[in-house]
Amino acid sequence: MTTAPQSSDVGGRTSALVETRSIDYVPDDERHGKVSHQGPFWFVGNFQPFTLAVGFVGPSLGLSLWWTIVAGLAGIAFGTLFMAFHATQGPVLGLPQMIQSRAQFGYRGVLLPLVGTLFTFVGFNVVDVVIIKSGLQSIFGWNPVVVAVVITVIAALVAIFGHDLLHKTFRILFWVSLPLWVVLTCGVLLGGVTGSAATTGGFTFVAFLVQFSVAASYNITYAPYVSDYSRYLPRDTKPSSIISSVFIGASASPAWLIPLGAWMATYLGASDALAGINETGNDVVSYLGSVLAIVSALVLVATMGLNAYSGMLTVVTAIDSLKSVKPTRQLRVVTIVVLAVAWLVMSLLLTNATSALNTTLLIMLYLLSPWTAVNLTDYFFVRRGHYAIADLFTPSGIYGAWSWRGLIAFTAGVLAEIPFVDLPFFVGPAAKAMGEVDIAFIIGLLVSGVVYIALTRSLDVSDELAMIESHPQLADPASVEDIAETIAEEEQ
């Protein structure tokens, strides 16, 4: 059973400004978040070289600039829709995303989707480090190993300080980077950059769908993050407000940078995001590219901190699902350090960032599409946002240790995807028959969603609601920690 560390300071903060909360509930008196911060937060989360590199995918497959833009924008809009709806769960429940998933998969059963989410967090950081170290080496000649170590340490420190520092860092970087990108973009639009028409490209359905899938996966893979950064919002936050704020913020920056990346790949032959920023910016204004490359790298480092923070929540949730732990500050720090060492070692062994980007995003998409389908279906259509929060912290609660409905739906979605996947090391038979067109993530979404709805037809949610109403302490935020402590003592 999990208990929450006590803190007399707002937001789970201490005099050292290191957040104490991790997988535990955020009480009302610590809810200091603002909806107005969500849009800029997610805007900056995507306002970085990784997003620019997403625009390289279409041209690298022979897709024209305009078809790349169409596929990229369509994919971003599709993926962000799922991501934004997850944001509503944070204010209502005051919990990290994957703790809430115990309602669909069970206290221990949540380990299955946790594998996919942990792969996402670590995978993003591995590719991020490769992008930064290779880019700064090509621009400034900096030692890639030293760069990798330094940015890993910075990202880990930001994650260790936690929620509030992440939000503050992103707000600062928003105002620093925005004018630089505006100047660069205006230079491109006004013809201030001389392109060589490296490739004109055309249209193929396979290339279009790959670009769409990579763009869609980019924000769908943010889905396990969103509640982690909205759980400090007041419980009475309007769903429409946070959905629109997250959607606009998370989709606006990719809608800006993916077309810009596609232009760089098409007319400059860019294959390295930071190098492309440097070359384009310096053509517009002397040293603009160099300054923007460094600022963009810093934004990417901050995003690595975000990945590390949510990765820590995932690991602690997994450990707690196997053996009850107290989510202390020490556990947070140790977990983040271990994750940092893991992604640093893997990034030093990896050299091809573009190939890694495509493959990593697709695998993330295959694993997370079934999860997001189950989670959103349960939240909006089955239980409609009503959960016994205290029962999410015990295997003997109403959600059980293993929730067979969620596990079967998730597994069915993943298995249904296999014939449709198109990866460098494996192409499914259905994908081959369709000319290597990859629609696996769409299949996973549909199959998991439909299967979960079918299986929950036999679930009498009214019994759960009646129990919550008759035992209000189960859902009463003020009593969650006391209940947790009591159950923990009983288990011992």
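**Loops, exposure and ring pairs**

Analyst: In this predicted model, R384 sits in the loop that runs between helix 16 (353–382) and helix 17 (404–417). Its phi is near 50°, a positive value in a residue other than glycine.

User: What makes Y287 count as buried or exposed, and where does Y287 lie?

Analyst: Y287 lies in the loop between helix 13 (273–284) and helix 14 (288–322), and because its relative accessibility is 64%, with the cut-off for exposed at over 50%, Y287 counts as exposed. Phi of Y287 is near 70°, again a positive value in a residue other than glycine.

User: How many aromatic pairs are there, and why is the pair of F78 and F441 called edge-to-face?

Analyst: The count comes to 30 aromatic pairs. The ring centres of F78 and F441 are 6.0 Å apart, within the limit of 6.5 Å, and their planes stand at 75°, which is over 60 degrees, so the pair is edge-to-face. Because F78 lies in helix 4 (residues 65–86) and F441 in helix 19 (residues 440–455), the pair ties together parts that are 363 residues apart in sequence.

User: Why is F441 called buried, whereas F78 is called partly exposed?

Analyst: Buried means under 20%, and F441 is at 1% relative accessibility, so F441 counts as buried. F78, with a relative accessible area of 28%, is partly exposed.

Key. Residues are numbered from 1 along each chain as its sequence is written. This is a predicted model: local features need pLDDT of at least 70, side-chain atom pairs count only at pLDDT 80 or more; totals for chains, interfaces and linings use all residues. Side-chain values use heavy atoms; hydrogens and water are left out. Helices (H or I, at least four residues) and strands (E, at least two) are DSSP runs, numbered from the N terminus. Buried means under 20% relative accessible area, exposed over 50%, partly exposed in between (1.4 Å probe, protein chains only).
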